[in-house]
Amino acid sequence: MSKNEIKKSKQLDRCFKYFSKFVWKTNKTYYFWLIFGFIEGIIYPFITILGTEQLVNEIAPGGPRRWGYAIFWIAVICGGTYLGTVIEKACSENKNRINENFFKILDTRICMSSIQMKFVNTEDTKVLDVIKNAERALNDTGHVDGLLTPLLNIVQQTIVALGVIVVVATRVPWLIIPI
């Protein structure tokens, strides 16, 4: 890693720590919606995968063809998809609403720091650079949501991918045998 990359990763780490503490002190419900959406994002794909498998087992030729169970699995797939979409939308809307409040608070803090700055420091390049860097950090990181959501999305997609591999390997192992 170059010195520039190390410097950027340290800055990102400082921003992440600051925003995490800021969120915890300001509005803890943001973490609830973040974690709830994270769990929903992990469970949601498996409703369709496992439900479809059970549906195919019920209507496949040579099977018992229990239509009552087939209708049940169709309802599970449709209901699970609907519920997952509603939960995902609710989490997204609430996180966006809370994130707007965070932006207003952080922007106000930067403005108040600028106002309370002594007149002598108004032309000091170091002080002006600190304010400029604070504003740039807010805009470059996407504020609170821009740091936390992508990190959780990476973890979430990794868990889902590993889960799909496990489901395929245990339920239909012939799919992973090379032809």
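The model is predicted. Both Glu58 and Glu40 are located in helix α2. A search of the whole structure finds 8 aromatic pairs, and some of these are described below.

**Glutamates in helix α2**

- Glu58 belongs to helix α2, which covers residues 29–59.
- Glu58 has a relative accessible area of 6%, and because buried means under 20%, Glu58 counts as buried.
- Apart from residues up to four places away in sequence, Glu58 touches Arg65, Arg66, Tyr69, Ala70 and Trp73.
- Glu40 is also buried, at 10% relative accessibility.
- When neighbours within four places in sequence are left aside, Glu40 is in contact with Gly84, Ile87 and Glu88.
- Glu40 and Gly84 are 44 residues apart along the chain, yet 6.6 Å separates their C-alpha atoms.

**Aromatic pairs**

- Among the 8 aromatic pairs is the one formed by Tyr30 and Tyr31, with 6.3 Å centre to centre and 70 degrees between the planes, an edge-to-face arrangement.
- Tyr30 and Tyr31 are both buried.
- The ring centres of Phe32 and Trp33 lie 5.0 Å apart with the planes at 75 degrees; this pair is edge-to-face because the angle is over 60 degrees.
- Phe32 is partly exposed, with a relative accessible area of 47%.

**Aromatic cluster and a nearby charge**

- One aromatic cluster is formed by Phe22, Trp24, Tyr30, Tyr31 and Phe102.
- The charged end of Lys28 sits over the ring of Trp24, 5.1 Å from the centre of that ring.

Terms used: Residues numbered from 1 in each chain as written. Predicted model: local features only at pLDDT ≥ 70, side-chain atom pairs only at ≥ 80, totals over all residues. Heavy atoms only, no water. Helix = DSSP H or I, 4+ residues; strand = E, 2+ residues; numbered from the N terminus. Buried < 20%, exposed > 50% of the residue type's maximum accessible area, 1.4 Å probe, protein only. Contact = heavy atoms within 4.5 Å. Phe/Tyr/Trp six-rings, centres within 6.5 Å; stacked < 30°, edge-to-face > 60°. Lys NZ or Arg CZ within 6 Å of the ring centre and 35° of its normal.
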